[in-house]
Amino acid sequence: MSENPTPNTDPSEDILLDHNYDGIQEFDNPLPGWWKAIFWATIIFCVPYTYWYHFADGNGVYDEYDAAVAAKMEREGAGGPVAEGASGLMALMDDPTHMARGKAKYSTICLACHAADGGGVVGLGPNMTDDHFKNVKKIEDILTIMEDGIPGTAMLSQAAALNPGEMADVAAYVASLRGTTPANPKEPEGEVIPPWSAE
Amino acid sequence: MSNSNQSADPGVMERFSYNDDIVRKFVFASIGWGVVGLLVGVIIALQLADSRFNLGLEWTSFGRLRPLHTNAVIFAFAGNGIFAAVYYSTQRLVKARLFSDLLSKIHFWGWQAIIVSAALSFPFGFTTGKEYAELEWPIDIAITLIWVVFAWNFFGTLAKRRERHLYVAIWFYIATIIAIAVLHIFNSLAIPAGVMKSYSLYAGVEDAFMQWWYGHNAVAFFLTTPFLGLMYYFLPKAAGRPVFSYKLSILHFWSLVFIYIWAGPHHLHYTALPEWASTLGMLFSVMLWMPSWGGMLNGLLTLRGAWNRVATDPILKFFVVGITFYGMSTFEGPLLSIKAVNSLSHYTDWTIAHVHAGALGWVGFMVYGMVYWLMPKLFQTKVAKPGWVNLHFWLATVGIVFYIVAIYIAGLSQGLMWRAFTAEGYLQYPDFLQTVTNLNSMYWLRVVGGALYLGGAVLGGINLLLTWKARPATYEVPVYEAPALAKGYKDAPSKGGFMAMNWHRSWEGKPFKFTVWVVIGVVSASLFEIIPTFIIEKNVPTIASVKPYSPLELAGRDIYIAEGCYNCHSQMVRPLHFETERFGEYSKAGEFVYDHPFQWGSRRIGPDLHRVGSRPLTAGWHLRHFDNPQETSPGTMMPSYKHLLKKDLDYDVIPRRMTALKSIGVPYSEEEILGAVEHATAQSAAVASQLNGENLTGFENKRVTAMIAYLQRLGTDITKGDGEAQ
């Protein structure tokens with residue numbers, strides 16, 4: 001064994017045990033104090049943690065979830081005010097809060113067929129940014145299609161995925177996509193329809 | 001000799017030599033398979049950066065290759081490295097040749113056959129669908145048998161030993177052999193449903209619990225304890241310094257053995273696993289911090305007095321960096337196990353970065369350090385390219401840094417994007433795909449890091465071959481002399497209290513007693529968690545409307561498993577507001593009671609699929625998505641599953657599979673099983689007719705109809721009828 005201590009780390013005071021395994025020896029050094037202290041601390045930590053979260057008032061995973069959902073309900077109600085008719089939808093288009101919710105919901109659900117920017121997907125949803133529409137004549141038709149779906153196409157009713165307030169917000173958001181420029185627009189389908197109108 | 005009692009009669013002097021041939025074989029296997037495992041890693045890293053690297057072939061898709069990568073690295077690279085370390089060091093530490101040269105050979109060739117069978121079965125979709133335990137039942141049985149051969153050979157060697165006391169490295173080897181046997185057997189219990197098909201005996205929450213009891217402790221007892229054993233032999237040998245603290249060895253060994261097993265549930269925080277189990281997993285993980293650092297300290301402090309050599313000796317560099325990564329990983333592990341941290345990290349790349357710091361840094365560097373130290377000794381010649389060793393070290397170190405920095409950033413970014421709400425209270429990144437495509441540049445950096453590490457490994461492999469070529473015509477086999485163990489030996493009575501730890505010395509002379517205590521540590525901790533998980537009924541509240549899958553849906557689920565969809569998609573919506581906003585109602589324990597195996601996943605490269613059945617997605621959408629995911633989800637890394645559209649479904653296997661499931665508790669009636677083929681054919685026709693309605697014709701009896709049926713069923717039972725938990 002080479003005993004070759006460097007000047008700044010002098011282990012010469014360590015006690016060498018009489019163990020020798022294939023030339024490997026062992027020092028009889030004590031456990032480092034900080035090591036013992038942290039080990040004990042992690043053991044003791046279990047007691048208050050378990051007491052607080054499982055036997056006292058500490059909020060568990062589900063308590064926190066319920067609180068978050070309750071906060072949302074307080075903010076939005078059970079789906080928010082339901083906008084009816086063309087004028088209602090046109091009004092939503094001017095409301096940033098409703099448009100934000102419409103966009104959020106559109107981007108979790110509708111983009112699967114209509115693309116994230118509304119440009120449409122070949123074989124699935126049409127481009128909703130141009131002036132051509134297949135099944136929409138007036139702005140309120142968007143909402144009707146979302147509620148009922150279009151039989152024989154990939155457009156299903158969204159009633160199970162969205163509550164009425166969310167559905168109205170998404171319809172308004174979809175209407176707002178008209179006139180925007182998507183990355184990969186699908187070929188126009190259907191007839192040119194007049195601009196959205198509150199009438 | 002460590003014989004502290006001079007009064008015992010010295011035993012008869014004996015002559016013996018060591019079996020180094022088997023060590024040479026395992027070294028070659030480790031380095032060779034290491035290159036393969038890392039290469040597959042680089043390939044799947046490329047696939048995540050650009051889906052075209054899936055090559056459009058079903059056999060080379062990410063879902064099938066990722067298990068090949070993980071299994072190759074864990075069981076082939078690390079596994080063979082462990083066996084080399086155990087066989088080389090044990091013989092010398094106990095002054096005895098291996099118990100049997102024949103068993104050694106069976107062990108070697110059996111293990112390589114298992115690896116080859118894994119490499120052949122994964123690309124063809126033979127998998128149990130349980131991570132790191134994906135091998136199908138015939139291979140699982142082979143693993144058990146070969147492990148028994150290994151144990152027999154190892155304990156037989158201890159029985160023949162000429163060194164009274166067992167050194168700390170041997171303790172760690174004992175823990176490895178015992179724990180891996182218990183974990184492998186009980187997690188792999190399954191009912192066969194064909195030559196290469198089986199269903200886990202456990203379902204849903206219980207299967208998840210068993211899987212992560214196994215998964216976590218495979219890390220503990222396959223990637224940690226044997227490498228600590230390796231460290232305790234090869235580091236003091238390479239450094240020429242005594243081990244820092246014998247007391248620390250004792251305490252950190254036993255605390256690891258008794259605490260590690262409990263920590264598994266931290267892989268299931270915020271899932272449908274009961275909260276008490278989750279809490280146990282977290283607390284025991286936090287308690288593991290110091291026991292793990294005990295190993296790091298004993299490693300690094302052993303280098304006191306040798307630090308001047310670390311700068312110049314690449315072998316010591318490998319060891320120092322390896323041990324440092326061990327310290328980093330075992331600090332990060334407890335951190336990630338804290339529930340609040342886990343809600344951010346879980347399902348993201350953070351976990352991937354964590355395991356790669358451990359696998360590339362700790363496991364990899366310890367293997368390479370050991371192999372370079374062994375090379376001149378095993379091949380009885382100089383290392384062919386000494387300069388390359390240093391180059392390998394730097395390539396690998398820089399490679400790890402590239403890999404983990406990129407993937408930590410990716411993981412943290414994704415976790416933060418998932419949970420980000422706008423000021424109005426809506427998801428800021430509602431489009432899941434965006435939370436993945438945003439990471440693309442990091443994925444390219446990972447490829448660079450992985451390639452650098454692979455480059456180092458290739459350099460190491462060539463160096464090994466060149467050194468081997470320069471070997472002498474015949475190896476010298478030195479003969480050693482040592483007295484046999486004396487009879488009637490007694491250790492000096494232990495002085496001091498429990499914490500003085502002198503009592504431990506006598507245990508070290510009694511391998512049987514020592515092993516029994518390891519068994520007690522591993523088994524008792526397991527039972528403390530397993531028994532309540534299985535017997536407390538309220539852990540899994542029954543949901544009356546949850547019914548078994550139809551025959552076609554079951555066939556679809558089997559395809560889902562075979563394709564390895566769980567490698568990218570989870571099926572577990574956590575009770576976190578940002579999760580339910582994105583994916584729908586959180587997942588309930590009672591929804592998974594017929595899921596043999598569970599498919600909750602551990603990583604979301606794609607969105608969670610548990611509520612995909614409630615999504616307003618038609619059969620046609622799913623078909624187009626399988627055909628060309630780029631069309632429906634531009635920028636996605638999901639490969640095309642065109643083959644599902646082309647290949648016919650094999651109806652004939654369905655009744656046998658239902659029978660297997662019935663035997664483990666899924667309530668299929670005899671009539672349902674007898675009519676399964678007819679029922680499945682009709683349901684496939686119904687899906688095909690939906691597709692016809694969307695102008696997609698010709699898909700009757702194709703596999704895609706089963707996948708669509710399964711996906712449209714997923715997570716919907718809870719909304720049918722009386723869906724409330726009772």
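Predicted model: local features only at pLDDT ≥ 70, side-chain atom pairs only at ≥ 80, totals over all residues.
How many of the twelve residues of α20(B) are buried?

Stop 1: Select chain B. Its secondary structure comes to 28 helices and four strands. The radius of gyration is 27 Å, close to the 27 Å that the globule rule gives for 726 residues, so chain B is as compact as a globular protein of that length. Along the principal axes, the C-alpha atoms fill a box of roughly 90 × 55 × 50 Å. Colour by burial: 59% of the 726 residues count as buried. Then turn to contacts between residues at least 6 apart in sequence. Of these, 84% join residues at least 24 apart.

**Stop 2: helix α20(B).** Select residues 551-562 of chain B. At 1.5 Å a residue, these twelve residues should span 16 Å; the end C-alpha atoms are 17 Å apart, which agrees. Now the opening question: eleven of the twelve are buried, so the helix is mostly covered. The buried run includes B:P551, B:E553, B:R557, B:D558 and B:I561.

**Stop 3: after the helix.** Step on to B:G564, which follows α20(B). Its phi is positive, near 70 degrees.

**Stop 4: chain A.** Select 14-55 for domain 1 of chain A, then 85-192 for domain 2.

Conventions:
Residues numbered from 1 in each chain as written. Chains lettered and ligands numbered in written order. Helix = DSSP H or I, 4+ residues; strand = E, 2+ residues; numbered from the N terminus. Expected span 1.5 Å × (residues − 1). Buried ≥ 20, exposed ≤ 12 C-beta atoms within 10 Å, placed from the backbone. Domains from an automatic or database assignment. Rg over C-alpha atoms; globule rule 2.2 N^0.38 Å. Contact = placed C-beta atoms within 7 Å.
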